[in-house]
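I opened this model to look up how its elements are arranged and how a handful of residues sit within them. My entries follow in the order in which I looked things up.

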Amino acid sequence: MNPIDDAINLLTSEGYTVIPPEKNIKRTIMIKDIIEITAKNCKVSSVDMISHRREKDPTTARHIAIYLCSELTYLSLTRIAFYFDRRDHTTAIHARDKIRQIINSEQPDNMKNSRIRKAVEKVNAICRERF
């Protein structure tokens, strides 16, 4: 027997009701998971995702990751901003709102917005599938 079975047997012998753990339970998604998946799909490094670099590709990937963190986790924007090494939550608000505006815009697609929409959809699908 393994330690979990031993613990379950001990508790049940003492009159406790034990609900056995599920075998295929998925773990909760974490910010680092979203960063890694976004970095891989946007072809930037994870280090660039949390850096203060302001080049276009890392910044767009960072905005996508911040948006997905706000959508897929229960963390506050202050916590999310802290993880991305930002001084306060207003940067996270800006990133979240910018990506949300692109996703919800009804204007004709340009290449940039289309690319961002596809990246968000792809990363979101991967995150939801894994976690």
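Predicted model: local features only at pLDDT ≥ 70, side-chain atom pairs only at ≥ 80, totals over all residues.

**Entry 1, a loop residue.** I began with K43, whose place is in the loop between α2 and α3 (46-50), where helices (H or I, at least four residues) and strands (E, at least two) are DSSP runs numbered from the N terminus. I noted that phi of K43 is near 60 degrees, a positive value in a residue other than glycine. K43 is exposed, with a relative accessible area of 75%; here buried means under 20% relative accessible area, exposed over 50%, and partly exposed in between (1.4 Å probe, protein chains only).

Residues are numbered from 1 along each chain as its sequence is written, and side-chain values use heavy atoms, with hydrogens and water left out.

I found seven helices and zero strands in the chain, and 34% of its 131 residues count as buried. Taking contact as heavy atoms within 4.5 Å, I read that, among contacts between residues at least 6 apart in sequence, 57% join residues at least 24 apart.

I next looked up how helix α2 (residues 31-42) meets helix α4 (residues 56-72), and the two pack at an angle of about 140 degrees with their axes 9 Å apart. The axes are lines fitted to C-alpha atoms, for helices over the stretch in contact, and angles run from 0 to 180 degrees between N-to-C directions. On the α2 side the contact is made by I31, I34, T38 and C42, and on the α4 side by A61, I64, A65, L68, C69 and L72.

Staying with helix α4, I checked T59, which lies in it and counts as buried at 19% relative accessibility. Not counting residues up to four places away in sequence, T59 touches R53 and R54.

**Entry 6, aromatic rings.** I found that the structure holds one aromatic pair. The rings of Y83 and F84 have their centres 6.5 Å apart and their planes at 70 degrees, so the pair is edge-to-face; rings of Phe, Tyr and Trp (its six-membered ring) pair if their centres lie within 6.5 Å, and planes under 30 degrees apart count as stacked, over 60 as edge-to-face and the rest as tilted. Y83 is partly exposed at 39% relative accessible area, whereas F84 is buried at 0%.

I located D97 in helix α6 (residues 89-104), where D97 counts as partly exposed at 33% relative accessibility. D97 and H63 are 34 residues apart in sequence and 9.2 Å apart in space, C-alpha to C-alpha. For helix α7 (residues 111-130), I compared the 28 Å that its 20 residues should span at 1.5 Å a residue with the 29 Å between its end C-alpha atoms, which agrees; the expected span is 1.5 Å times one less than the number of residues. I listed the buried residues of α7 as N113, S114, I116, R117, A119, V120, V123 and C127, and what covers them includes α2, α4 and α6.
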